[in-house]
Amino acid sequence: MSDLRDLYQEVIFDHYRRPRNRGVLPGANHTARGHNPLCGDELTLYLVVEDGIVKDVRFEGQGCAIATASASLMTEALKGKSEAQAEALFGQFHDMITAPPGAPRELSDALGKLAALSGVREFPARIKCATLAWHTLRAALHEASGTVTETKTISTE
Ligand code: ZN
C-alpha cells in the first residue's frame with residue numbers, strides 16, 4: 001500500500017510541476033472561472049466542444065499542488081469524451097474523493113490516473129482543491145457565467 005501511495009504522490013507532484021494542457025485555448029467555445037477561497041486556488045477552464053464531444057481543453061491559473069494536479073489530470077482525462085461521459089467521470093471522481101477516510105478503495109478503472117488523487121479523502125480540507133476544476137468544468141459545459149466559488153461543503157450536494 002505504501003508503494004501505491006508513493007506512486008500516487010509522484011503522479012501528483014509531476015502534474016503540479018509540469019501541468020499538462022496549460023494556457024489559453026484559442027477558439028474555445030466554453031469557458032468558466034473557478035475560485036476556491038479556502039485555499040486561494042483560481043483557475044480558468046477553456047473547452048472546445050463539438051457535437052457534444054470535448055475536442056480540446058486547457059486551463060490556466062494559480063493553485064496549490066492538489067488543485068493544479070487535479071486540473072492537469074482532468075484535462076488529460078477529458079479529451080475525446082462526450083459531455084455525458086465527462087459528467088459520469090465527475091461523479092466517479094467525486095465519490096472517490098468524498099468517501100470516508102479508511103473506507104475500502106474500490107476505484108473504477110475509468111478513473112485511470114485520476115486515482116492518484118484518492119488520498120485526498122484523508123484530508124477533508126483539501127477536497128475542494130481537488131474538485132475545483134471539476135465544478136468549473138460543469139459550469140463551463142452548462143455555460144453558466146461568472147465565477148464558481150466553492151464555499152459550500154461538498155458533502156451537502
Ligand atoms: Zn488548494
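## Close-up views of the predicted model

View 1. Phe93 has a relative accessibility of 0%, so Phe93 counts as buried. Keep in mind that this is a predicted model. How many aromatic pairs turn up in a search of the whole structure? The search finds 2. One of them is the stacked pair of Phe90 and Trp134, with 5.8 Å from centre to centre and 15° between the planes. Phe90 sits in helix H3 (residues 83–98) and Trp134 in helix H4 (residues 127–141), so this pair links distant parts of the chain, 44 residues apart. Phe90 is buried at 4% relative accessibility, and Trp134 is buried too, with a relative accessible area of 0%. Phe93 and Trp134 also form a stacked pair, this time at 5.1 Å centre to centre with 25° between the planes. Phe93 belongs to helix H3 and Trp134 to helix H4, so the pair ties together parts that are 41 residues apart in sequence.

View 2. Start in helix H1, where His15 is found.

**View 3. Arg20, a buried residue in a loop.** Arg20 lies in the loop between H1 and strand S1 (30–36). Its relative accessible area is 19%, and buried means under 20%, so Arg20 counts as buried. Setting aside residues up to four places away in sequence, Arg20 touches Asp14, His15, Phe59, Ser72, Thr75 and Glu76. Phe59 is 39 residues from Arg20 along the chain, and the C-alpha atoms of the two are separated by 8.8 Å.

View 4. Asn21 has a positive phi, near 55°. Asn21 is found in the loop between H1 and S1. With a relative accessible area of 22%, Asn21 is partly exposed. Asp51 likewise has a positive phi, near 50°. Where is Asp51 found? Look in the loop between strand S2 (41–50) and strand S3 (53–62). Asp51 has 79% relative accessibility, so Asp51 counts as exposed.

**View 5. The largest pocket.** Rolling a probe the size of a water molecule over the atoms shows where empty space is left. The largest pocket holds about 290 Å³ of space. Its lining is made of 13 residues, and those that lie nearest the centre are Gln9, Ile12, Gly119, Val120 and Phe123. Which element gives the most to the lining of the largest pocket? Helix H1 (residues 2–17) does, with 4 residues. By residue type, the lining of the pocket divides into 7 nonpolar, 2 polar and 4 charged.

**View 6. Stepping back to the whole chain.** The secondary structure of the protein chain comes to 4 helices and 4 strands. Follow the sequence along, and the pattern reads α-β-β-β-α-α-α-β. Of the 157 residues in the protein chain, 45% are buried. Now take the contacts between residues at least 6 apart in sequence: 59% of these join residues at least 24 apart.

How values were computed
Residues numbered from 1 in each chain as written. Predicted model: local features only at pLDDT ≥ 70, side-chain atom pairs only at ≥ 80, totals over all residues. Heavy atoms only, no water. 1 Å grid on protein atoms, 1.4 Å probe; cavity = no way out; pocket = protein on both sides within 12 Å on 5 of 7 lines; lining within 4 Å. Points joined across faces, edges and corners; volume = space filled by probe spheres on them. Helix = DSSP H or I, 4+ residues; strand = E, 2+ residues; numbered from the N terminus. Nonpolar A, V, L, I, M, F, W, Y, C, P; charged D, E, K, R; others polar. Buried < 20%, exposed > 50% of the residue type's maximum accessible area, 1.4 Å probe, protein only. Contact = heavy atoms within 4.5 Å. Phe/Tyr/Trp six-rings, centres within 6.5 Å; stacked < 30°, edge-to-face > 60°.
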